Amino acid sequence: MKRQSHLLTLPNMPYFCMPESVGHYRFDHEHSVYREAGALNNFNIHYCVSGKGFAEIDGVVHELRAGEAVLYFPLQKQRYYSSQDEPWDVRWIHFYGGTGLRDYLIEQGFHKSPLWKLRQPQIWEQAHEELLCEAETHRMLRPAQLSMLTYMLLTVFVEHAAALQGNKTGTSSERIMELLPLMQQEAVKPFILEEWADRVGVTPYYFCKLFRSAMRMTPMDFVTRCRLQAAKQWLLERKDDNIGQIAEEAGYPSVSYFNKRFMEHEGMTPTAYRRLYGV
């Protein structure tokens with residue numbers, strides 16, 4: 001099954017980003033693409049939903065499995081194709097923008113590796129489906145909507161993608177990504193770096209290095225985000241609980257420190273957040 005929508009390329013494009021084409025190929029063993037360097041002047045992402053595909057980078061063939069993707073920058077040589085014995089279910093997008101788009105992806109480090117793994121693939125798949133439906137239904141009639149959905153797709157990719165390097169099987173970085181759901185679940189407990197490093201079998205220093213490489217943030221930054229996310233949910237759901245109760249259950253015995261961290265991340269106090277969104 002093939003779904004694809006090819007769109008017009010806008011001259012003097014006024015948006016940050018715009019799709020040139022978007023599609024979803026399911027189990028097409030004949031899907032195979034080769035482009036010489038300089039042949040295509042837009043970005044593209046090919047993401048494996050299931051099955052197996054391959055991407056050739058600098059003469060080396062890399063296998064892509066579920067949740068993994070290849071990202072090409074404009075004018076790069078491209079070679080990717082489906083497995084014959086396990087045809088991939090692949091979602092893809094070609095997109096373009098001004099210099100701001102390239103600068104944004106470079107600032108986020110996406111020029112350093114063409115191969116990526118998404119930590120929460122279902123979120124990206126849902127964003128891609130929304131964009132594909134918009135393109136199929138309205139084509140270019142709502143360019144602002146197309147641009148907005150493309151931007152959402154890219155920001156989800158930037159937030160959840162971790163670089164794949166070398167042999168992917170059983171690497172320390174992969175073991176760190178496998179820890180993330182547990183770290184999120186236990187974020188409200190005291191964070192003891194040595195215990196988490198022991199789970200991966202590395203030193204605390206190397207754990208922090210691997211974590212920053214995989215997540216582009218420190219372990220404590222990740223724990224803080226998880227704690228504040230839980231606190232935001234409780235602020236809205238548990239209207240009778242005071243701020244001190246929620247702060248303590250979120251891992252912050254000190255209300256003043258909780259308020260400080262909340263303000264840094266949300267730009268307002270917990271009380272203001274509850275007042276604004278707790279309707």
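Biologist: Why does R238 count as partly exposed?

Modeller: R238 has 21% relative accessibility and therefore counts as partly exposed. Buried means under 20% relative accessible area, exposed over 50%, and partly exposed in between (1.4 Å probe, protein chains only). This is a predicted model, in which local features need pLDDT of at least 70 and side-chain atom pairs count only at pLDDT 80 or more, while totals for chains, interfaces and linings use all residues. Residues are numbered from 1 along each chain as its sequence is written, and side-chain values use heavy atoms, with hydrogens and water left out.

Biologist: What makes D241 buried or exposed?

Modeller: D241 counts as buried because its relative accessibility is 19%.

Biologist: How do you know that the side chains of D241 and R238 meet in a salt bridge?

Modeller: A salt bridge is a side-chain nitrogen of Lys or Arg within 4 Å of a carboxyl oxygen of Asp or Glu. For D241 and R238 the distance is 2.7 Å, N to O. The side chains of E249 and R238 also form a salt bridge, at 2.9 Å. That pair links distant parts of the chain, with E249 in helix 8 and R238 in the loop between helix 7 and helix 8, 11 residues apart. Helices (H or I, at least four residues) and strands (E, at least two) are DSSP runs, numbered from the N terminus.

Biologist: Which parts does the salt bridge of K232 and E266 tie together?

Modeller: Their side chains meet at 3.1 Å, N to O. K232 lies in helix 7 and E266 in helix 9, so the pair ties together parts that are 34 residues apart in sequence. K232 counts as buried, because it has 14% relative accessibility; E266, at 26%, counts as partly exposed.

Biologist: How does the reach of helix 9 compare with what is expected?

Modeller: Helix 9 (residues 255-266) has 12 residues and reaches 16 Å from its first C-alpha to its last. The expected span is 1.5 Å times one less than the number of residues. For helix 9 that is 16 Å, and the reach is close to it.

Biologist: Why are the buried residues of helix 9 said to line one face?

Modeller: F258, R261 and F262 are buried. Seen down the axis, the buried residues of helix 9 fall within an arc of 100°, so they line one face. The arc is that of the directions from the helix axis to the C-beta atoms.
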